[in-house]
Amino acid sequence: MTMSAEGGGAVALNVENKSSIGQFLWIGFYSSIFTLLTLTLFRFWARTIVRRRLWADTTIGSEPLEYTGRGMELFIGFLIAIFTVMLPLVCAILAAQFLLDPIPAAIVITVAYLLIYVLIGVALFLARRYQLSRTMWRGVRFEQQGSAWSYGLTAFGYGLLTVVTFGWFAPAMRLRLERRLWNKAFFGDLPFAYDNSPAARTEPVYLSYILAIVGVFLFYGLMFGAMYVLGLFADPTAMADVEKVAQLYAILFGGAFVLIFFVAWHEATMIRQITKSISLGGVAMRSKFSAWDIIQLAFTNLLLVIFTLGFGALAAQMRVWRKVCRRMEVDGTLDLARIHQAASRGPKSGEGMVDAFDISGGV
Amino acid sequence: MALRGRFHDGETATEHLVEVTFDADGVEIVGAGVRTYWRRQDLQLIDRAGGWRLGASTAPDARLMLAKSAETDAALRSLGVVGRDALRGGMLVGGLIVAGLALAGLVFVAIPLAAEPLARMTPRDVEARLGDNLGKQVNVFMRPCPSARAANDALAPLLERLETSAAPGFDVQVTFVRAKVPNAFAMPGGRVMVTSGLVETLDDPEQLAAVLAHEIGHVAARDGMVALYRNAGLGILLEIVTGGSGVAQQVVLLGGQLAELRYTRGQEERADVSAIATMRASGYDPAALARAFEALKAFKSDEDRPAPSRLRELNIPEWLQSHPGIDRRIARARAAATPATAVPLDPEAWRIVKRACG
């Protein structure tokens with residue numbers, strides 16, 4: 001750390017994470033028990049505890065991040081989303097299904113489902129806004145600006161484009177959505193920037209994607225092949241045969257292992273591409289995350305989860321984040337005295353819709 | 001005693017090196033460009049891993065970092081900053097357990113209790129429309145018998161007589177559907193599905209009249225609506241508790257539940273009582289209900305013998321599945337035996353009904 005006596009000025013921004021597996025196993029263990037005891041209501045507080053620890057274990061320039069969110073905020077956000085979004089949608093769909101004639105019912109249900117797809121993007125944006133607003137470093141908050149609806153509609157549009165192109169647009173969609181988010185993200189009053197220009201896209205995003213597609217095709221080939229050999233096509237009722245279904249799952253499980261080798265390169269490439277596209281002030285970021293890192297993580301995490309009977313799931317997620325931090329490199333310095341507090345404190349409650357739609361995807 | 005610490009003022013990202021002095025009421029923080037006092041009641045312990053990290057509710061973004069030492073530990077303990085969080089954690093978990101229990105009460109007590117008043121409050125035309133749509137959806141899986149029109153015509157006088165006696169408040173419509181399993185079930189709004197298996201299994205028109213009287217009992221009690229509210233309420237609550245299995249899945253799940261309405265034992269027994277009264281009022285012998293149950297029971301034991309797959313068990317008639325107390329119900333119907341004064345269907349009409357599904 002290069003810090004002047006008064007602590008202002010420029011600071012080297014190396015990213016580190018010193019989380020320990022033991023601690024996360026313990027958190028995973030007791031929060032599972034509390035979650036069970038409280039009919040899962042504890043889950044919001046559990047997530048908050050985990051984030052507090054994970055953020056505090058992550059240091060930038062030797063100074064830890066701080067997560068300032070509260071379990072109650074997540075709980076309230078969830079209740080709001082259930083009663084203002086989820087229930088009305090479910091009721092609309094059910095009412096259409098059971099009270100309307102077929103054609104108006106089909107229209108209402110189609111509109112409701114389209115809305116749900118847009119809302120997924122909205123929900124993800126809102127969750128990110130909440131998380132950044134609850135992340136603090138050196139007393140200064142992060143902030144996500146921009147419109148959740150505009151993000152949701154854009155993500156929906158890109159999603160359609162991805163469907164129309166049979167998935168070919170997917171990596172471009174991911175990079176463009178990252179650009180949208182980071183170009184409206186701030187540390188205090190200092191904006192992040194995301195460069196998605198062709199000159200900045202130096203990683204073999206599409207080359208690695210081809211390998212991933214080949215892997216996915218092989219996986220489906222394996223699945224259908226196995227179903228054919230097991231006679232599940234000829235006699236669909238055989239799906240009720242426990243032994244055959246178990247065999248199918250065993251084959252698919254093995255197939256998933258092989259699939260990891262095909263998609264790891266692409267995933268690592270994406271992480272490297274996204275990281276190097278982000279900058280903050282004069283600071284550039286870079287990641288050395290490799291396909292081999294992903295393969296290693298996948299196998300060791302699987303063992304971790306199996307041998308801890310599932311309690312290790314949190315520790316497994318932590319290990320992914322820890323690896324991402326350890327592979328991160330940061331060049332340049334920030335003039336910290338010139339960075340002022342973020343404009344807004346962020347939303348009062350958080351992530352409700354992500355919970356209601358169950359798309360949170362972990363910590 | 002002045003301790004050295006680091007201070008983030010929450011206004012810029014600058015770090016200040018500060019001198020910190022504890023007294024009985026709080027802590028004074030002094031450095032270049034910094035002079036502030038945090039009172040003990042405003043002090044918050046943010047983190048203790050790798051050193052003390054303190055905040056104050058009066059300056060929510062500011063942070064004071066102190067190294068752990070005997071002096072700081074003692075000062076923070078005497079200010080009551082340490083130890084507060086453990087108590088709060090215990091209260092939180094306790095409160096959440098109580099909330100969880102309340103939710104369980106809601107699931108197992110309040111929703112089943114609320115379902116009946118809700119059903120009664122539902123306008124009858126809404127229930128009828130809902131039953132129509134539901135019936136159409138059931139008919140996707142259970143095809144109506146194509147040549148049932150003659151059977152429906154032959155059945156009409158019997159149905160009318162039962163409706164006059166029972167006054168269910170809905171227009172009762174019988175739909176014959178093709179399914180091997182002998183079963184009859186009442187949808188919301190008065191639609192009654194009768195499977196081809198049931199028509200084949202029953203021995204005489206009195207048994208059919210008894211089964212229909214039982215279903216009309218469900219219609220009159222609006223049991224379909226009650227079950228619907230109960231299932232929908234449970235599904236939504238489950239969603240809240242478990243945190244979402246996804247809207248789409250939820251809707252499918254609810255739809256699935258609606259399509260196979262299941263009645264409670266209490267509802268079944270009330271429908272039996274109602275059937276006995278209806279049979280008697282129509283001039284038929286209520287004991288026919290007992291004989292209908294027995295015919296169905298015989299079918300079940302026939303089915304049971306080969307049973308190669310556990311899945312087959314899911315196909316046992318709903319009548320028997322949800323009615324563990326079948327023998328008691330048979331006994332009750334038999335005890336209600338009253339000499340018949342009328343014949344539900346003449347032999348020709350019964351022959352036509354028997355051929356409802358070809």
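**Close-up views of a predicted model**

**View 1. An open sheet of 10 strands in chain A has antiparallel pairing.** The strand order is 2-3-4-5-6-7-8-9-10-11. Two strands form the edges: strand 2 (15-17) and strand 11 (328-331) of chain A. Each of these edge strands pairs on one side only. Neighbouring strands of this sheet are turned by 30 degrees against each other on average, direction ignored. The model is predicted. Strands of a sheet pair through backbone hydrogen bonds, either parallel or antiparallel.

**View 2. Strand 7 meets strand 8 in chain A.** Strand 7 covers residues 185-187, and strand 8 covers residues 190-194. The two run antiparallel and are joined by 2 bridges. Look for Phe187(A): Leu190(A) in strand 8 of chain A stands opposite.

**View 3. Helix 2 and helix 10 of chain A lie across strands of chain A.** Helix 2 spans residues 43-57. Which strands does helix 2 of chain A lie across? They are strand 2, strand 3 (58-60), strand 4 (63-67) and strand 5 (135-137) of chain A. Helix 2 runs at about 160 degrees to strand 4 of chain A. Helix 10 spans residues 313-326. This helix lies across strand 2, strand 3 and strand 11 of chain A. Its angle to strand 2 of chain A is about 150 degrees.

**View 4. Helix 8 packs with helix 9 in chain A.** Helix 8 holds residues 242-277, and helix 9 holds residues 291-307. Their axes are 7 Å apart, at an angle of about 130 degrees. Because of that angle, helix 8 of chain A is oblique to helix 9 of chain A. The crossing is right-handed. Helix 8 of chain A brings Ile260(A), Phe261(A), Ala264(A), Trp265(A), Glu267(A) and Ala268(A) to the contact. Helix 9 of chain A brings Ala291(A), Asp293(A), Ile294(A), Ile295(A) and Ala298(A). By class, this contact has 9 nonpolar, no polar and 2 charged residues.

**View 5. Helix 4 packs with helix 14 in chain B.** Helix 4 covers residues 148-166, and helix 14 covers residues 347-354. The angle is about 145 degrees, and the axes are 8 Å apart. Is the crossing of helix 4 and helix 14 of chain B left-handed or right-handed? It is left-handed. Helix 4 of chain B makes the contact with Ala150(B), Ala151(B), Ala154(B) and Leu155(B). From helix 14 of chain B come Ala349(B), Ile352(B) and Val353(B). By class, the contact of these helices has 7 nonpolar, no polar and no charged residues.

How values were computed. Residues numbered from 1 in each chain as written. Chains lettered and ligands numbered in written order. Predicted model: local features only at pLDDT ≥ 70, side-chain atom pairs only at ≥ 80, totals over all residues. Pairing = 2+ DSSP bridges. Helix = DSSP H or I, 4+ residues; strand = E, 2+ residues; numbered from the N terminus. Axes fitted to C-alpha atoms, helices over the stretch in contact; angles between N-to-C directions. Contact = placed C-beta atoms within 7 Å. Left-handed = near helix turned anticlockwise from the far one by under 90°. Nonpolar A, V, L, I, M, F, W, Y, C, P; charged D, E, K, R; others polar. Parallel < 35°, antiparallel > 145°, perpendicular 65-115°, else oblique.
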